[in-house]
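Have the sequence and structure open as you read.

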Amino acid sequence: MKNEFLDIWLHDDAWVEGLLGGKILSREKLHHWPLSYVEKITLQSNARYVYKSQRSASSVEKEFYSKVKMPFIASPIYSGTYENCDIMVLPYLDHPTLGEASETEFEKTISYISRLIQDIPDMPVFFDLSSVEKLAQIINLVCTIFEGKGEERNIAILQNWVSKRAHKCYDNQQIGNVHGDLGNTNILIENGMPRYILDWQRPMFAPVVLENALAYRLAGYDAVKKYGDLGILALICHFIWYSYACKEFMPFVYNNAHKLLLEFISLVGEH
């Protein structure tokens, strides 16, 4: 069946019951937006699962789970395709999220997780930002959404920053796996330590230290004040995603991309 509001396909109750071997008590929406829909399924036996449907071209998560088996990653019990969507059914993990950690504890936790994910071999990535040259290539690609919209000067400032300053984020830095979306809700805690890391939709191959700056932005901290040019690169990464999404999937997020471009300009000006 097709979700009423989104271009997202969901299996009906009969299919889910056949897969899980029990009658459904409830299907509760946990999250949705135009590229994905997530719900908690509870069976009459009280067994609980997460059902996730997402537009196939917008994520590498299905490929990720098929290749990566690590203790801190909850593997799906089902992974398949339905129309234009990747479908995953995962165990429902009844663990608290990172929640209201102090800034020091938050930074320590993100650094710990970053070290863990460096051990993932051949991790599928959505964006390869492993060099300044590759960063510049994708900037040039996504900025085509601004053609004819009077943003030529701002785009030139962005391209100039990448060409003249982005190397400071790469010089003498380890290039490796970056989750890129380590918000508090994607980190589940057990006995005070990270136990599971969720949502491997759009990981990157990039300077490893970028992970902290990205997480800081997501948590609402001032990533530029804390990490300098890496904080600006984190902003650019979010700009890249919204611009790419606008170009490929969701033209209506143009305003999101434009807002991030203006935030960048307000930070760097002509420098």
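**Aromatic rings at a glance**

Trp-33, Phe-126, Phe-127, Trp-241, Tyr-244 and Phe-249 form one aromatic cluster. This is a predicted model, in which local features need pLDDT of at least 70 and side-chain atom pairs count only at pLDDT 80 or more, while totals for chains, interfaces and linings use all residues. Residues are numbered from 1 along each chain as its sequence is written, and side-chain values use heavy atoms, leaving out hydrogens and water.

**Ring pairs**

- Rings of Phe, Tyr and Trp (its six-membered ring) pair if their centres lie within 6.5 Å; planes under 30 degrees apart count as stacked, over 60 as edge-to-face and the rest as tilted.
- By this rule, there are 17 aromatic pairs.
- Phe-146 and Phe-239 are stacked, because their ring centres are 6.0 Å apart and their planes meet at 10°.
- This pair links distant parts of the chain, 93 residues apart: Phe-146 is in the loop between α4 (132-142) and α5 (152-164), and Phe-239 is in helix α8 (residues 229-248). Helices here are DSSP runs (H or I, at least four residues), numbered from the N terminus.
- Phe-146 is buried at 2% relative accessible area, and Phe-239 is buried at 2% as well. Buried means under 20% relative accessible area (1.4 Å probe, protein chains only).
- Tyr-244 and Phe-249 make an edge-to-face pair, with ring centres 6.0 Å apart and planes at 70°.
- Tyr-244 is buried at 18%, and Phe-249 is buried at 16%.

**Charges over rings**

- A charge sits over a ring if NZ of Lys or CZ of Arg is within 6 Å of the ring centre and within 35 degrees of the ring normal.
- Arg-27 has its charged end over the ring of Tyr-51, 5.5 Å from the centre.
- Arg-195 lies over the face of Tyr-196, 4.2 Å from the ring centre.

Note on methods. Helices (H or I, at least four residues) and strands (E, at least two) are DSSP runs, numbered from the N terminus. Buried means under 20% relative accessible area, exposed over 50%, partly exposed in between (1.4 Å probe, protein chains only).
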